[in-house]
Amino acid sequence: MPRLDESWGDAAEAGSSGQSNRPLLLLIGSGGQIWREYILKSVADSYDLWLFAPKEPGWESPYLRGNTIVETLDAHAAMESAVRLDKSVRIAGVLCYDEIRVPVAAMVAEALKLPGANVEGVRACRDKHLGREALAAAGVAQPASRAVASLQEAQEAARAIGYPVVLKPRALAASIGVVRADGPDSLESAYTEASEAYFDEIPRDKAWVLVEEYLDGPEVSVECVCHQGRVTPMFVARKSLGFAPHFEEIGHTVSADDPLLDDPAVRHVLQEAHTALGLDTLVTHTELRLTRTGPRLVEVNARLGGDLIPYVARLATGVDYGMVAASLAAGAEPDVTPVRSATAHVQFLYPEHDLDVTSLTVGEELPPGVHEVTPMVAPGRRLRLPPRDHVGGRYVYVVTTGDSPEECAEALRAATPLVHLTGTPVG
Ligand SMILES: Nc1ncnc2c1ncn2[C@@H]1O[C@H](COP(=O)(O)OP(=O)(O)OP(=O)(O)O)[C@@H](O)[C@H]1O
Ligand SMILES: [Mg+2]
């Protein structure tokens, strides 16, 4: 790509400032190719894309009109670069699917006076304690939750709330450090786990751990369009969890006609939660537990879902989530009506125990209903199971489609013998 201007302070730019009649979206941060390429591929069909990231683009390159090398966790650097870029290449919207960078993306949107400027709301989504406080003030159905700064405070909180409780870090992701404690005997180890979990990129608050009432019941995530504060649920993903007392996500099922989409209690809690958090125009990934007393909120993430949920949702409904997020980012209210009525499922495969991978092969003849069986690791890779790692134990994902969740489950059973993994157990 030709240099646009090599003398722009710390931010090295590369790309074309020439004419284009397609709207340009600014992408703040990116992610792994497996997880996000399908999004960029569909967005790039209709929009120009410009990436802000701290290093040169890799797999994203074919989908970009340009990029700026900028520290995307530094809101001021990102805002300055965006304002400068906007002068030469008009920016129509800001897109971000990287959980850690969503607050910076909201600040950039605010600086450019674009949709998605939900700065306070996004902050409350990132910081689970701030979120809980805003939701509690509005009376949204959720678990009791307390922020604690020591084991003793955790013990007091657990006693007051009543066991079982969930302990979790205040602002991480991927369920890292999230653990259930069924009684006082398991509280100390749960507290140690939650309090020691960290990401280099996230500063730790003193009261770093939340102790929460355990919400019992199946879990779903709902992908929502929030347009000028009005929430429309797009897809419901039924979540399979594993590795208790941890909460590893091992599969998701999306049915175009999931009855929860029209469930008044679900719609109510979704709308109330977005309103309480002050969210205006963005897509969200909201997690709920369906408890005996009704749907209660685990959390709202101010971005589209991960774990290939948008990918299976498209297979189930025909709605292209990448395009929905892109047109919303540019200010239009997208049409999210399904054009297909199917079910699709993604399942992640894990070994029995930690393993150094020697070989991984997948048969080529896919049985009916099996859309894809894709290796996620190469020989030499160490697979580690929760709590030693989260999502780091996955070695294959299987995508199945059918007319119902049962058909998808049957196709998954037929797909599993296609996968052959060998390795050396660790430890
Ligand atoms: N109070 C609770 N009651 C029951 N389960 C909970 C509770 N809090 C968290 N969980 C479980 O733990 C999982 C991870 O918690 P949470 O979403 O708060 O953390 P996270 O690190 O943001 O995870 P992820 O990025 O996977 O969504 C939830 O999806 C849910 O299954
Ligand atoms: Mg979550």
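**The open sheet**

Guide: Four strands make up an open sheet, in the order β6-β9-β7-β8, and the pairing is antiparallel. Strands here are DSSP runs (E, at least two residues), numbered from the N terminus, as are helices (H or I, at least four). Two strands count as paired if DSSP finds at least two bridges between them. At the edges stand β6 (145-148) and β8 (179-181), each with a single partner strand, so one side of each is left without a neighbour in the sheet. From one strand to the next, the twist averages 25°, with axes fitted to C-alpha atoms (for helices, over the stretch in contact) and angles running from 0 to 180 degrees between N-to-C directions.

Now look at one pair. Strand β7 (residues 165-169) runs antiparallel to β8, and 3 bridges join them. Val165 has Ala181 in β8 as its bridge partner. In general, strands of a sheet pair through backbone hydrogen bonds, either parallel or antiparallel.

How far can you trust this? The model is predicted: local features need pLDDT of at least 70, side-chain atom pairs count only at pLDDT 80 or more, and totals for chains, interfaces and linings use all residues. Residues are numbered from 1 along each chain as its sequence is written, while chains are lettered from A and ligands numbered from 1 in the order in which they are written. The protein averages a pLDDT (the predictor's confidence in each residue, from 0 to 100) of 94, and 96% of the residues score at least 70. Over residues 1-10, though, the pLDDT is below 50. Where pLDDT is low, the predicted coordinates should not be read in detail.

Technical notes: Two residues are in contact if their C-beta atoms, placed from the backbone, lie within 7 Å.
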